[in-house]
Amino acid sequence: MRYLMALLLLAGSAQAWAGSTLERVRHSGVVTNVLLNTYPPFAFINADNELAGFDVDVARAFATKLGARLKLETPAWETIVSGHWQGRWDICICSMSPTAERERVLNFPARYYSSPAVLTVHKDEPHIKSVADISGKRVGVGIGSSYENYLNKALVIPGGRPLAYPFHDVIVIPGDETVNFRNLALGPGVRLDAIVSDLATAQATSEATRALKIVGPVLYAEPNFVATEKGDADWDLTVARTFEALKADGTLSAISQKWFGQDITRDGD
């Protein structure tokens, strides 16, 4: 716990570091992280029936850096992004992008990787060459995701440029992303015509199924942040400093290389 104690002292006086989350972690020695279990390769149930993935490894590294034990919980995404956790969880290392709506109920103290959004279709799809071709099509997205907001032409990335929406009348199909990819793999237009998702997820699924392909250029660059419950500035400072340390010592880079063969965290400063 020496690293955690050092961070607590850096936060200021004894009174300054007596925030509710810091107190809970300090006394229990446990950090509770919340994430999805249906978002490979970031978080998923592996062949050994265990949670695995990039976010799982990052969460484990975060807990280790604090000298705490990691506990993982996997409620519904809508529950996570709605905020008002009331102390049930300490942190969400869960590939969340900040939006204006989410920033009203959550804080985002550390950006830890950037991820391109892409369009995926069945390999035998003859007509959809880019996102401009999805007008009137059925397009799957993770429920409550930024991709859903994108297709509804309502996505605003804080600090980013306004996005272009060269499509209209898209039939947006929100759902479990793993199920959406399975449906798309059934064939062009059988259940879905396309999916908008994270590049890494699209690549991994395309390689696994050999039935899908990514088309067109990257749609937009999506920054992914660590999320925390509002109202605990000392915990946010601890989170930010811990992620700075994980970047500085190469831990985040190594985890990224393990899962993606490249460093997707280098632009997360």
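Trainee: In which sense do β7 and strand β10 pair, and over how many bridges?
Mentor: Strands are DSSP runs of E with at least two residues, while helices are runs of H or I with at least four, numbered from the N terminus, and two strands pair if DSSP finds at least two bridges between them. Here β7 and β10 (residues 194–198) are antiparallel, with 4 bridges, and L119 stands opposite V196 in β10. This is a predicted model, in which local features need pLDDT of at least 70 and side-chain atom pairs count only at pLDDT 80 or more, whereas totals for chains, interfaces and linings use all residues. Residues are numbered from 1 along each chain as its sequence is written, and side-chain values use heavy atoms, leaving out hydrogens and water.

Trainee: Which strand is joined to β7 by 13 bridges?
Mentor: That is β11 (residues 212–229), which runs antiparallel to β7, with S115 opposite E222 in β11.

Trainee: Is T120 buried or exposed?
Mentor: Buried means under 20% relative accessible area, exposed over 50%, and partly exposed in between, with a 1.4 Å probe and protein chains only. T120, in strand β7, counts as buried because its relative accessibility is 0%.

Trainee: Which cysteines form a disulfide?
Mentor: A disulfide is a covalent bond between the sulfur atoms of two cysteines, identified here as a pair of cysteine sulfur atoms within 2.5 Å. C92 and C94 form one, with sulfur atoms 1.7 Å apart, and the disulfide is right-handed because the torsion about its S-S bond is about 90 degrees.
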